[in-house]
2 protein chains.
Amino acid sequence: MRGDVFAMKCPSRTVMKHMTSTWGVLTLIALKSGTLRFSELRRKVNGVSERMLTQTLQQLEGDRLLTRRSYPVVPPHVEYTLTDLGHEAAAHVECLANWVEDHMPQLAAMPEQA
Amino acid sequence: MRGDVFAMKCPSRTVMKHMTSTWGVLTLIALKSGTLRFSELRRKVNGVSERMLTQTLQQLEGDRLLTRRSYPVVPPHVEYTLTDLGHEAAAHVECLANWVEDHMPQLAAMPEQA
DNA sequence: GGAAGTACCAACATAAAAGTAAGTATGGAA
DNA sequence: TTCCATACTTACTTTTATGTTGGTACTTCC
């Protein structure tokens, strides 16, 4: 029942991909400090397009890392909240991001390659 | 001097991308247990093409996460070893991967989306 | 003599990811 | 009355990622 990221077809790879994607990382970290609605996330996650944010949120919801709550009011109102699993996931991702941020001076002297 | 993954142009994003790329993750984890040569890595990292492995190794080398040592012998012999930084990076990445592997049953019930 | 192994590179082709623009419904503000 | 905000979707284009093939230089094995 355990996943194996070394196995090409293991679904754990898909979850990893979602969590470590550019916008997945930022979305998880952004939601760590609490529930946010779509437009708030969009402002917080610098540079995401609506399309990408929607897609990222749907992926993370499909992985049960967050829940979507939509209120049927006239200007749409939708809230996104991390699940318990999501909080754990976000903690790991943030830990990684913090490490990279902290070690930037030592990493990459000449950032000219993609 | 500290990086910021929320900043679109921050080089930390590039490093994150290298570390969390499909093959970056597997390469780092594979090298955690010690030096490996190219062909050994290729066999260990299930499914990677030569091209992708080469590229991944060059990126990680550029980020100072591993070192390349090449011996000028007749059948080429090249060894890859994690740096101290690389070991730290690999630990974080493996931690994340382990978490995902351990929680697979709870994540993703129907893995039909990309 | 011919095949295989080694660690690549370059060119080409395809697949996947990401961005752009426009459309939708509705209420409230200007 | 026109415009904006909201939370999306859809179609389309561009960019990036990845895979495939073939070549290299030399040696050992069959």
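**Exercise 1. Find how much area is buried between chain A and chain B, and which residues of chain A lose the most.**

Solution. Start with the total: about 4800 Å² is buried between chain A and chain B, with 69% from carbon and sulfur atoms. Next, look at the chain A side. Phe6(A), Trp99(A) and Glu101(A) lose the most area to chain B, together 15% of what that side buries. Keep in mind that this is a predicted model.

**Exercise 2. Work out which elements and residue classes build the side of chain A that touches chain B.**

Solution. First, count the contact residues: chain A gives 56 and chain B gives 56. Then take the polar links. There are 14 residue pairs in polar contact between the chains, both residues at pLDDT 80 or more. Now assign helices. At least two residues each come from α1 (11–20), α2 (22–32), α4 (50–62) and α5 (84–102) of chain A. The largest share, 13 residues, belongs to α5(A). Last, sort by class: 30 nonpolar, 16 polar and 10 charged residues.

**Exercise 3. Count the salt bridges between chain A and chain B, and describe the one that Arg2(A) makes with Asp102(B).**

Solution. The count is 4 salt bridges. In one of them, the side chains of Arg2(A) and Asp102(B) meet at 2.6 Å, N to O.

Conventions:
Residues are numbered from 1 along each chain as its sequence is written. Chains are lettered from A and ligands numbered from 1 in the order in which they are written. This is a predicted model: local features need pLDDT of at least 70, side-chain atom pairs count only at pLDDT 80 or more; totals for chains, interfaces and linings use all residues. Side-chain values use heavy atoms; hydrogens and water are left out. Contact means heavy atoms within 4.5 Å. Buried area is the accessible area (1.4 Å probe) that two parts lose on being put together, summed over both. A polar contact is a pair of N or O atoms within 3.5 Å; within protein, one must be able to donate a hydrogen and the other to accept it, and residues adjacent in sequence count only if both atoms are side-chain atoms. Helices (H or I, at least four residues) and strands (E, at least two) are DSSP runs, numbered from the N terminus. Ala, Val, Leu, Ile, Met, Phe, Trp, Tyr, Cys and Pro count as nonpolar, Asp, Glu, Lys and Arg as charged, and the others, Gly among them, as polar.
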